[in-house]
Protein chains: 2
Amino acid sequence: MNKRFVTFLPAGVKVEVEPGTDLLTAASKANVEIKAPCGGDGTCGKCAVKIQSGSVKARRDSHLATRIAEKGFNLACQSLVQDEDLVVEIPQTSALTKHQVLVERSSIGEGISDALSNYLLRVWQLKELLLEKQESPLNGYPLKPLCKRVRLTLPAASLQDNRDDLNRLTMALKKEIKCTDIQIPLPLVRNLGEILRTAQFKVTVLLSEIGGKAEIIAIEPGHAHQPLYGIAVDIGTTTVVAYLLDLEKGRVVDTAGTHNRQARFGDDVISRIVYAVEEQDGLQTVHQSIIDTINTLIMDLLVKQRHIKETDIRVMMTAGNTTMAHLFLGINPKFIRLEPYIPTTNFYPVVKSKELGLRLHPDALVFSYPSVASYVGGDIVSGTLFTKMGNEDAPISLLIDIGTNGEMVLGAGDWLVTCSCSAGPAFEGSGITFGMRAMHGAIERLEIDPQTYEISYTTINNGKPVGICGSGLIDCLAKLRCSGVIDRAGKFQTNLPTERMRIGEAGPEFVLVWREDTDINRDIIISEADVKNLLRAKGAVFAGIRTLLNVVGFELDGIENIYVAGGFGNYLNIPDAIAIGLLPDIPVEKYKYVGNTSAKGACMALLSQEAWQEANNLAGKMTYIELSVGNLFMDEFVSSLFIPHTDLTLFPNVSL
Amino acid sequence: MNKRFVTFLPAGVKVEVEPGTDLLTAASKANVEIKAPCGGDGTCGKCAVKIQSGSVKARRDSHLATRIAEKGFNLACQSLVQDEDLVVEIPQTSALTKHQVLVERSSIGEGISDALSNYLLRVWQLKELLLEKQESPLNGYPLKPLCKRVRLTLPAASLQDNRDDLNRLTMALKKEIKCTDIQIPLPLVRNLGEILRTAQFKVTVLLSEIGGKAEIIAIEPGHAHQPLYGIAVDIGTTTVVAYLLDLEKGRVVDTAGTHNRQARFGDDVISRIVYAVEEQDGLQTVHQSIIDTINTLIMDLLVKQRHIKETDIRVMMTAGNTTMAHLFLGINPKFIRLEPYIPTTNFYPVVKSKELGLRLHPDALVFSYPSVASYVGGDIVSGTLFTKMGNEDAPISLLIDIGTNGEMVLGAGDWLVTCSCSAGPAFEGSGITFGMRAMHGAIERLEIDPQTYEISYTTINNGKPVGICGSGLIDCLAKLRCSGVIDRAGKFQTNLPTERMRIGEAGPEFVLVWREDTDINRDIIISEADVKNLLRAKGAVFAGIRTLLNVVGFELDGIENIYVAGGFGNYLNIPDAIAIGLLPDIPVEKYKYVGNTSAKGACMALLSQEAWQEANNLAGKMTYIELSVGNLFMDEFVSSLFIPHTDLTLFPNVSL
Ligand code: FES
Ligand SMILES: [Mg+2]
Ligand SMILES: [Mg+2]
């Protein structure tokens, strides 16, 4: 069949495709990444591209496609290559970060992408937490890494002491590590005799030791003293963050973060599962995509740390939600999405790096944090470990990670209950007219003058506003209510004496920033529909909290600590979050921002066998509450669709 | 560089080599096998070939090469390819069996090679023992194979019972197998969800379970009922024998045997080690050679059992001496040969079939019998298991396997001592002028008339005599002494009134068969040098026995059972062996032929976890006596160089 060339600008990458191919697929083939949070369904509108030369055919007509077309753009996912070669421009707003850029970046400034700025923000945040403040990644656990070196000097072989070489080695090792079950793979046995004798029976054994079982990973002649590295990775649905750790010193050497390249298959775990299950080779493609993402991070770290080689990294720990863990290991995620929502496994086999094609030492062991259920993953177990709320003397605490799913854990020492409420992606900016992630130019704080309805705001990096991110949305909701722009049910007061209040295409809306003050040449507004979306999101989270409390028979005021986790958490305005009824009305001092606890717990487990064992205990001990069983959650949810709640006694300190 | 073609007849195989290549190497490259017991040193004379066209250059002059040249032959190992293409004929006497022949064989008859006849003999012997007599391969152990099937019907997943799939499976499995440590490799997890649901939660789990640890090998939908196969292999230095076992019925389905293809690197373990250590890629070559040998046997079995596929064989057990075990697994054997004679390991890792390239199911587990020391291997441990001399109530017993090394075990229940004496290959026919293996035409029984010195004999298959094999040599030595042809020190009585006694090129010799009665057109003789060789061989064995007894403080008459193992064992004339002082002078009833105990013990271990654990116990419990330490053995050896011994009180029943 005749093929056609598609050239993507600004990268200038050319790719040959068959007529009938859509531009999203063509771009993916060219390794040019276009945003596609809806997974190519033609519903999110983020994949807009400009056809510079040639013409395309629309897959089907839609309201969205028409609106985009009016602005001179086409939806990449809906545009099919015809008989002509094409030149297609990808506007900056549709492009996902290119990985090469990450490695070459130098400073934040004009001209770098949103994604990159977002990335740099995160790196700084992590560095601040971990490197500048010198917070120990061990978080109180003893340093006893999952992979360690043991330096041995064995008695030389003789006619009188003629034990075989391996026995000589393991007997000496058993004395050092107090572990009787020692495994060694055949390839390491093959040349053991020569290694022992080259080094006059002085050797360094690299091993992983967990729960009374040890596995030898490498045997090196002489007593090795070069550093030993491990890598801890938080596999987020959106962002992937890696920490390079010096295992013997117990410290973080460096960190890096980037977008999860799976983003091109959709924004949320459901789209990823659908792609994996329904497309040809879908699982393999989505699996490879996260492996590529992690390999990019590894290379990024290694380029910065020039003296470290891939093969110097001998062990890896990952934490991520259950779907991410399945996809990372190439496990079919199909049944996570189908009732009764069963993951294939919550405890993942330890594998060798080479089985997954990771750019580490080929024999590096790769551990995955155990999960609890389909929608309570290793990232939450990792966070629970970090907070120590499973410790014997822990007071009643709540860990809450607000993202697409609001996952939470309630417990004290020996009991822990957990659930996941489908909060939806509103707080991540999705489904909100001008919603966006916490990137350059996002409104993150906002005030409304209750007299004049004039608005003051701050944006990330003080950029000209382009949209509003999660923390901004919470502020916004609280301030809309305070100033009387909306009522307790989120209904707009359309008769207000301000031109900011108006009726738009989709109903009542309120202008937050006038077009001339924005960087997008459009009024930034929030609509009544947006508010309803936000109410559903906050209502789901609060209903989840109430359901957990109900199950164990406690009241809101019984909670001693609330740990707010996730990248979003650090920017959350707690009083506003309480005011809208997202979080419980307990004293602000009881709230603690804990940041990316998924990554931090992964570091802990990598550096401490005790921490790793505790992580496994926690996963086994957490009781998962399935919210779709019974009416408890649904009743709570309906009651939570008001600001702050239908039952005002639950929010005694919130003034209306 | 210009290459030359060498064509080998009668196979007609052509190979391209560089000038300077020797013909043994060229043949090996062409996969044409030539005997080379000396490993290509130019000292054994077995690689004689005839140059049909073209000319070669001799590597160096030697007495042997000259003698061979006089007969119109060249030593393949010493003949270097020059500037011409060559046509080389391999006489039948120099050819090793071709494996294809094994598969196509039909009956013993003229025109089939010695090796093949030898092979068929063994197969018959095994079939008789195992199939016709219906002797159970379990030998008293309970049937509990190393690889077994468990058929499970799991409760279906629901919102109320939402355990993850793997947990659901392992919990059900734990109830069945009473084992808490269950491992599963990632590839089996990947599609577990689909498998469980396809089969409505009815599955068959294939697993290996040993010592409280289980590893899942496969998970199949539904309840499988087709047979489950395993293979037990005795890896002998010379011969390799395989047993195909039905693991669920606990019976031998079929057997096959062939030559160890490593023979081209030399007859004994030392030549194999030298080749592996000193030649480029030597270890890989020698390793691959035994893998190829075993694969040939597997295919042989499967061709016969047409309904069985490679992938139906799920587990394998091998038993062999320490060098064979090292080479089979590709472990460097270098230090086995160098003082202080240390094997790399005596306990071998369990590996997957695919790691070795065996033609079994790729995930089939491959077990190797543990060994005790460099010269007491898994074959001896296997034999010890078979005899049950390590059982609690066992009387004092001696297991003896006479081959190149005479290995023996002495013990009773909780104590076992073992040693290996370098008997040399005399009883295998090597180093004896007309010595040969137990093949077609070998003299195996012999009488000498003490008056006339006339000789009567029987040969294997009643063929015309071509040489004399081990059992014939023992007979011969006994009869030479009885009839006064030699004295107690093995010296020839050159003044006897018979023309059979004469002085040959290498000193006194005695004609056993006149040329006209042979199939080789030469007188078959035994020389004084041959007798000295035999005395050293039998002296070493007896000295080994005495040394073991000495170590534990027992006398010869304390021995209650003597188990004679090895292919050779079954043909041994015990009274003659006692008469020459090879075996102790105890009542013949206490001797038992036990045949190929290496193979039998391998079958037992494959079919019974208890047997496999006992094999490992035995290997750990056996005390190895290194004969080269101290003077004990050497003193005994010197005293044993007489017929039957210097100390005649040790042989009260032997008449001189
Ligand atoms: S509209 Fe194209 S990916 Fe969403
Ligand atoms: Mg996360
Ligand atoms: Mg043997």
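Trainee: How many salt bridges does the structure hold over all chains?
Mentor: It holds 46. A salt bridge here is a side-chain nitrogen of Lys or Arg within 4 Å of a carboxyl oxygen of Asp or Glu. Keep in mind that this is a predicted model: local features need pLDDT of at least 70, side-chain atom pairs count only at pLDDT 80 or more, and totals for chains, interfaces and linings use all residues. Residues are numbered from 1 along each chain as its sequence is written, chains are lettered from A and ligands numbered from 1 in the order in which they are written, and side-chain values use heavy atoms, with hydrogens and water left out.

Trainee: Which residue does E248(A) pair with?
Mentor: R151(A), with the closest N and O atoms 3.5 Å apart. E248(A) sits in the loop between β13 (239–246) and β14 (251–259) of chain A, and R151(A) in strand β8 (residues 147–153) of chain A, so the pair ties together parts 97 residues apart in sequence. Helices (H or I, at least four residues) and strands (E, at least two) are DSSP runs, numbered from the N terminus.

Trainee: Now the interface. How many residues does each chain give to the contact?
Mentor: Chain A gives 44 residues and chain B gives 44 residues. Contact means heavy atoms within 4.5 Å.

Trainee: And what area is buried between chain A and chain B?
Mentor: About 3500 Å², with carbon and sulfur atoms giving 58%. That is accessible area (1.4 Å probe) lost on putting the two parts together, summed over both. L159(A), L186(A) and R190(A) supply 18% of what chain A buries against chain B, more than any other three residues.

Trainee: How many salt bridges cross the interface of chain A and chain B?
Mentor: Four. In one salt bridge, K213(A) pairs with D181(B), and their closest N and O atoms are 2.8 Å apart.

Trainee: How are the two chains related?
Mentor: A rotation of 180° with 0.2 Å of shift along its axis superposes chain A on chain B, RMSD 0.2 Å. That is the relation of a two-fold axis. The same surface serves both copies: 100% of the contact residues of chain A recur in chain B. The superposition is by least squares on C-alpha atoms of residues with pLDDT of at least 70 in both.

Trainee: Switching to rings. How many aromatic pairs are there over all chains?
Mentor: There are 14. Rings of Phe, Tyr and Trp (its six-membered ring) pair if their centres lie within 6.5 Å; planes under 30 degrees apart count as stacked, over 60 as edge-to-face and the rest as tilted. Y369(A) and W612(A) have ring centres 5.7 Å apart and planes at 85°, so they are edge-to-face.
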